[in-house]
Amino acid sequence: MTPSFRFVFVGKIQRRCVYKPEVVGISSGRFSVPTILNSCSASSIVESGIVSEFNGKKPNTREEFTRLLSAAKEKERQMRVAMKRRSTKPTVSGTAKILNVHRDTLYEWMREFGVEFKDVGRRDLMPVEVMEKPEKFTYLIGEALMGEGSEVAHMDLIIGDKDGPVGRAFANGLSNLSAGHTPLLAVIRPNLPPKPHTLLVPKVTVKDLDQAGKIFGPAQAGVAKAVADAVEEGIIPRDKTEDWVIIASVFVHPEAKDYRRIYQYNYGATKLALKRALTKYPSLDKIMYDKDRAKHPIMGFKVPRLWRPPYLQVAFDIPSLERTKKIIMELPQSDRIILEVGTPLLKRYGTRVIRDLRELARDVFIVADLKTLDVGKVEVDLAFDETADAVVASGLAATATLNKFIYEANRLGIYAVVDMMNVEDPVQKLQSLKSLPNIVILHRAIDVEKRTGKTRWALIKEIRQAFREEKILVAVAGGLTPETAPEALTLGADIIIVGRYITQSKDIERSVREFLKCTSEMKRDIDLLRVHVE
């Protein structure tokens with residue numbers, strides 16, 4: 001078996017690298033790559049066997065050539081430094097002389113091996129083993145929130161090896177103090193710390209002795225007892241208690257008063273966070289399941305995403321803010337309802353109207369129907385700044401405009417919608433784009449609807465077939481009623497867009513519920529039967 005390359009430094013004055021396969025240094029992390037390179041001369045690198053001698057012979061492999069070229073460049077750089085040249089940058093001619101070849105030969109080798117002279121650096125001198133990821137250390141993360149009121153506990157913790165990154169952070173934290181965030185060791189009582197040793201770091205700035213007493217008292221004891229019990233109960237393996245350390249970031253509210261609750265909540269949060277860290281909770285499946293269902297308790301509202309179609313989109317095309325607000329107040333509560341700020345409303349009041357309506361619908365998905373035809377990025381920014389969740393461009397816009405429009409929406413994290421009203425071939429238009437929008441609207445103009453009575457819903461299937469590997473929602477619009485909507489949904493529509501039937505109704509709630517009864521899925525809210533949410 002070919003021995004691995006390892007290095008050790010010999011002597012205090014002579015800075016040379018000696019090749020000793022039995023010495024372990026670099027791969028264990030004690031020396032960094034820059035340290036080695038700064039300590040090794042090019043000749044030492046050749047002598048160590050990393051590259052062959054500069055004998056003018058053609059290398060056999062690209063890897064060998066890269067290292068040979070890098071060593072020669074480094075030697076030329078050192079020569080330039082020794083000669084006090086104004087520039088220490090290696091040249092092709094100078095490097096070729098060190099390699100004992102003609103400059104044209106070096107150019108020929110670089111072409112053959114596909115290597116650019118400027119791209120070869122000192123890092124290429126290192127053996128592959130040195131470049132590999134260092135030894136793995138245990139590095140586990142846990143989080144838990146527990147309790148209520150001012151005594152609520154929020155625990156963030158890291159658990160890992162003493163000789164790994166967690167251990168280094170532990171030592172740095174204990175030795176580098178900062179005002180108001182003094183770290184302290186967890187103790188069950190004075191002189192009795194748990195194992196693994198645990199470092200508490202206060203999240204909230206401690207400003208007086210009253211706050212300090214809560215940290216150095218019930219919080220400290222609760223965390224320490226939780227660690228000890230976690231070992232006893234097998235959450236933390238007993239054989240790791242001397243190898244691991246824990247860093248716990250502790251939240252204690254300045255207004256907290258009940259020491260019993262502070263202890264209990266921090267004990268529970270620490271124990272739960274430890275269990276989650278050791279079990280690598282949450283799983284990716286759990287995250288994917290809950291990410292769009294979740295509502296952050298402090299933020300107080302949910303940012304909706306369109307992840308569970310079908311949906312009913314109510315289009316407010318009436319140019320009256322007061323009338324629009326009245327309709328919103330009469331809408332039934334449902335996870336299936338989307339609000340569209342129509343073009344007439346936007347033209348009359350500007351994009352600021354989106355923010356005005358947001359005050360009445362904090363948890364509802366809002367679409368800004370700008371029907372963008374030009375300066376796509378600018379109009380996306382306008383809608384985004386007013387808290388729109390999606391923005392609409394016209395499919396008649398130039399392809400370059402739509403590309404910029406979709407790019408900007410994706411960059412900002414809102415939905416890009418393209419309305420195919422009057423576009424002759426929507427599929428071809430979509431195929432011309434660099435990336436697809438999140439939603440495509442198959443929209444019949446009102447005048448065309450009255451004249452022909454035809455729908456474009458047959459295009460739903462064509463779009464699905466053309467982009468079967470892509471995730472794209474299809475919305476349909478144009479004179480929909482509770483009688484015609486089920487057909488569109490059966491053919492694969494994800495969103496039905498309704499305007500006049502609802503906004504001009506004398507009974508807004510009844511009209512909306514007629515559409516919500518179109519499918520069994522639309523009748524039910526998300527997680528209607530879920531018993532408990534963490």
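These notebook entries record what I looked up in a predicted model.

**Entry 1. The second largest pocket**

I began with the second largest pocket, which holds about 580 Å³ of space. I then looked up its lining, and 26 residues line this pocket. Closest to the centre of the pocket are Gln 333, Ser 334, Asp 335, Asp 363 and Val 364.

Which element gives the most to the lining of the second largest pocket? I found that strand 9 does, with 3 residues. Strand 9 covers residues 337-341, and helix 11, residues 321-330, also supplies at least two residues of the lining. By class, I noted 16 nonpolar, 8 charged and 2 polar residues in the lining of the second largest pocket.

**Entry 2. Helix 3 and helix 5**

I recalled that a pair of packed helices is described by the angle between their axes and the distance between the axes. For helix 3 (residues 62-82) and helix 5 (residues 103-113), I read an angle of about 140 degrees and axes 10 Å apart. Angles over 145 degrees would count as roughly antiparallel, and helix 3 and helix 5 are therefore oblique to each other. The crossing in which helix 3 passes helix 5 is left-handed.

I next looked up the residues that meet. Helix 3 brings Arg 62, Phe 65 and Leu 69 to the contact, and helix 5 brings Leu 106, Trp 109, Met 110 and Phe 113.

**Entry 3. Helix 8 and helix 9**

I turned to helix 8 (residues 209-232) and helix 9, whose axes come within 8 Å and cross at roughly 40 degrees. That angle makes helix 8 oblique to helix 9. I noted a right-handed crossing for helix 8 and helix 9. Their contact contains 12 nonpolar, 4 polar and 5 charged residues.

**Entry 4. Helix 14 and helix 15**

The crossing of helix 14 and helix 15 is right-handed. On the side of helix 14, I listed Gly 376, Lys 377, Val 380, Asp 381 and Phe 384 in the contact. Among the residues they meet in helix 15 are Thr 401, Phe 405, Tyr 407 and Leu 412. The contact of helix 14 with helix 15 divides into 6 nonpolar, 2 polar and 5 charged residues.

**Entry 5. Peptide bonds and phi values in loops**

I kept in mind that most peptide bonds are trans, and that most residues other than glycine have a negative phi.

Pro 196 is placed in the loop between strand 5 (184-185) and strand 6 (197-202). Another cis bond joins Tyr 281 and Pro 282, also with omega about 0 degrees. Pro 282 lies in the loop between helix 9 (259-279) and helix 10 (284-290).

I then looked up positive phi values. Asn 100, which is not a glycine, has a positive phi near 65 degrees. I located Asn 100 in the loop between helix 4 (92-98) and helix 5. Thr 387 is not a glycine either, and its phi is positive at about 75 degrees. I located Thr 387 in the loop between helix 14 (376-385) and strand 11 (390-394).

How values were computed:
Residues numbered from 1 in each chain as written. Predicted model: local features only at pLDDT ≥ 70, side-chain atom pairs only at ≥ 80, totals over all residues. Heavy atoms only, no water. 1 Å grid on protein atoms, 1.4 Å probe; cavity = no way out; pocket = protein on both sides within 12 Å on 5 of 7 lines; lining within 4 Å. Points joined across faces, edges and corners; volume = space filled by probe spheres on them. Helix = DSSP H or I, 4+ residues; strand = E, 2+ residues; numbered from the N terminus. Nonpolar A, V, L, I, M, F, W, Y, C, P; charged D, E, K, R; others polar. Axes fitted to C-alpha atoms, helices over the stretch in contact; angles between N-to-C directions. Parallel < 35°, antiparallel > 145°, perpendicular 65-115°, else oblique. Left-handed = near helix turned anticlockwise from the far one by under 90°. Contact = heavy atoms within 4.5 Å.
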